Amino acid sequence: MSLDLQQVLPQVEHLGQEAARRAAEASVRLPRLAQALLDAARLDRSELERRLAAAPSTAHPAGPTDESIDARFPLPPHPPRLRLLAADGSQVYPDRHAAAFFYMVNIGSIDLLQGSGRPPQIATRSNLHFHEDDLHDTRGLPVDTHLINARRDAAELAELARLVEAPILPERHRDGVSGGRSEAPAEVEGPTLALLDNGLLLWAASQEQKAARPDVQRVLDEYLAALDLLRDSGAALAGYISRPRGANVVDLVEAAAGEPGGPRPGLTDRLLFGRHLAAHARSARFRHPAKINDEFAARGHEIQFFYLHTGAQDGVARVEIPLWVADDAARMTMVHAGIVEQCRLTGVPYPLVRAHELALVGQDDRRALDRLVQAALIRHGISGLASQKAQTKRWTGRRRRHRL
Amino acid sequence: MTPSPAATEARLIGRVTRCSIQGFAGGIRMTEPDLPAFGGLCRAPAQGGRSQVIGLIYEISIEDDDLARQLAASDVPQEEVRLDQQFVRPIPIEILALSLGYHDGESYTYDLPPQPPNTLADIYSLPPSEVRQFTASLAFLPLVLAAPQLPTDSLLAATFRLAAQARPESERRAFLVSAGRECARLLSGDLGRVNNLVRSLQG
C-alpha cells in the first residue's frame, strides 16, 4: 500500500480539529453578521452604494438589486404542469501519453414533463475532438483544461437551447417509451424550467487576458447565443449550486457595516442564509460581482443569484439566474417552486441527478474508448500504443495480489 | 398465445462477466420491459464464435442502485420519476445461466460445452424458432436435474411453459405431456418431485 495511513492519521486528526475550530469561530461571528444584514437593509441606497465603493479590493461584494437585501420570499405555488429540462456534461481531457491526442465532451440531458404522467425523454451526446483547431488554441499551444471546460459548459447550455426549441410531442406522436421527436405539431404544454448544475457565468472567460483570446471569445459568443435562444423561448433558466462556498453577500454586509474585511474562515453566504431563511424560502436577489458579468450584462444577460433553503439535507443552495428571469415574476415562480419540488426526492433537483448520470464518463468508459481508438489507429496502419510511461503506470497501478 | 413481434428476434440481454463450463453470468443495464425471464433460454458465443453455448436462465438479480434506494425511501415519487426509473433508466441486472448444450453450426449437442463463452461475449435470448429447435429433444433434462442448489422443479416448469408458448397452439399440450413423461421417467425414484413438477405445470 503506497498510502501510509499511520503517517496520515495525525494529519487527519489535525484536519478535524481545525474544521471544528473554524466552525466554532464562525458560530460566534454569525449572529453579529445576521444582525449586520438587517442593519445594511435599513441603509439608504446611495449610502449603501458609497460604502460598497469603499470596500477593500480583496472583497467581492454582491451587488444589491431592486429587492431589499434582507428580504425573504416564501415558497410560491407550483404550477400544475412544469416542463423540466436539465443538462450536464463531463469530459475526457487529452492525454499526451495515450495512443492518440484527442479530447471528448459528453453531454447528458433529460426532458421531464411534471404532471403529465409520462416517462421523460433522455439524450446523451458524445463528441470526440481531434482536429488541429480543436487541439490547439489560437496561440498554437495545446488546448488547456480551462478551454475544454468552457466548451463543455457551452455545449451544456446549447443542449438546453436545443431542447426548448424541440417541443415535447403529444402521446400519439411518440414512437416508444423513450420518446421521439418528429415534424408533427407540438402539444401545448405548461411552462418550462431549464436547469444547469453550475453557475451561469462562463468562468474560462472570467479573466481578462483569457477573455481577449479569440478561441475563448468564440466559446463566449456561442454561450451568449444559447442564452439568447433560451430567453426568447419563454423558458426560465437557473444554475443550481449545491453547498456553495461563496461569500459575496458576507462581503456586501461587511462592507455595508464599514468593516475592513479580512480573513473569516468558514463564514460563508450559505451559513448566513441557513440562519436567515426558513425551509423552502428564498433570499433577495443579488448581482454577481464577477467582472465578466459586465459583458453578460452588455448582452442582456446580467447574472443575479439568490439563496434558497431547499428543505433538504444540504439546506441552502445558491441559484443563479439571468436578469430576464429575475425581472419576470412568472419565471421566478417557476425557478423557486420548481427547484424546491424537484429537491424533495433527491436533495438536489432530480433532473440534474439524471443528467449527471447520463453525462458521466467513468473509468470503464474511458478504457473502452481507449481500446476503440487503438483499434482504429491499427486499422489505419498506425501504432496504437500508449507511451512507455502510460504502460508502466498501468503495470504498477494494479495491486499485486498473492494467491494462497 | 402468439409471441409478440418483439419476442420473435434474439435480444441482447447481457454480456458475460464470469463463466465456467457449467454456466455463465452476464451483466447489463437495461430497462424493465426488456428483462429476460426465469426459465428462458439464451446463448453466448464460445470457441472464437465457432459454437454457441445454450444457457438456461435460473437467476435474475437487480444489483444495488443507490439512486433507486434513495427514491424508494423518500416520499411517494412523482409519477414521471417512477416511470423514468421503470422504463427509461436502465437497471443494472445480472443473470445466471446453466449450460445445457451447444450448437456447433450444424446441430445441437446436449452436454457441457468444450469451452465456456469468453468475457464480454454477448448473451442473446433465444427467439421462439430456436427455442422450438433446441427443446425438440429433452436430452438437456439430466443436466438440469443434476445441477446442485437450484430451484430445479420451478425452473423446469418455467422452461416447459416458455417452450410450449414458443410452439403453435395445437402442439403445446403434446409438448407439455411429453416433457412431463420424460421428467417422470428421470425422477421415477422421487414421486414427490414428480408431483411438484406436474402441479407447477398445471398452475
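How many residues of chain A are in contact with chain B, and how many of chain B with chain A? In this predicted model, 20 residues of chain A are in contact with 17 residues of chain B. The legends below start at that meeting place and then visit other spots.

View 1. The size of an interface is often given as the accessible area lost when the parts come together. Here, the area buried between chain A and chain B comes to about 1,500 Å², and carbon and sulfur atoms give 62% of that area. Polar links are present too: eight residue pairs are in polar contact between chain A and chain B. On the side of chain A that touches chain B, the elements giving two or more residues are S4, helix H11 (329-346) and H12. Sorted by class, the residues on that side of chain A are 10 nonpolar, six polar and four charged.

**View 2. A salt bridge from chain A to chain B.** Side chains of opposite charge can pair when their charged atoms come close. Two salt bridges are counted between chain A and chain B. In one of them, Glu357(A) pairs with Arg89(B), and their closest N and O atoms lie 2.5 Å apart.

**View 3. The largest pocket.** This pocket holds about 1,100 Å³ of space. It is lined by 29 residues, and the closest to its centre are Asp364(A), Asp365(A), Ala368(A), Arg15(B) and Arg29(B). Both chains supply elements that give two or more residues to the lining, among them helix H12 (350-359) of chain A and strand S1 (12-20) of chain B. Which element gives the most to this lining? That is H13(A), with seven residues. As for classes, the lining has 12 nonpolar, seven polar and 10 charged residues.

**View 4. A salt bridge within helix H1 of chain A.** Now look at Glu18(A) and Arg22(A), whose side chains meet in a salt bridge at 3.9 Å, N to O. The two residues are about one helical turn apart because they sit four residues from each other in helix H1 (residues 5-42) of chain A. Over all chains, the whole structure has 39 salt bridges.

**View 5. Ile241(A) and its contacts.** Ile241(A) belongs to strand S7 (residues 236-241) of chain A. Setting aside neighbours within four places in sequence, its contacts are Asn198(A), Gly199(A), Ala317(A), Arg318(A) and Glu320(A). Another distance to find in this view runs from Ile241(A) to Ser90(A): these residues are 151 residues apart along the chain, and their C-alpha atoms are separated by 16 Å.

Notes
Residues numbered from 1 in each chain as written. Chains lettered and ligands numbered in written order. Predicted model: local features only at pLDDT ≥ 70, side-chain atom pairs only at ≥ 80, totals over all residues. Heavy atoms only, no water. 1 Å grid on protein atoms, 1.4 Å probe; cavity = no way out; pocket = protein on both sides within 12 Å on 5 of 7 lines; lining within 4 Å. Points joined across faces, edges and corners; volume = space filled by probe spheres on them. Nonpolar A, V, L, I, M, F, W, Y, C, P; charged D, E, K, R; others polar. Contact = heavy atoms within 4.5 Å. Buried area = accessible area lost by both parts, 1.4 Å probe. Salt bridge = Lys/Arg side-chain N within 4 Å of Asp/Glu carboxyl O. Polar contact = N/O pair within 3.5 Å; in protein donor to acceptor, adjacent residues only side chain to side chain.
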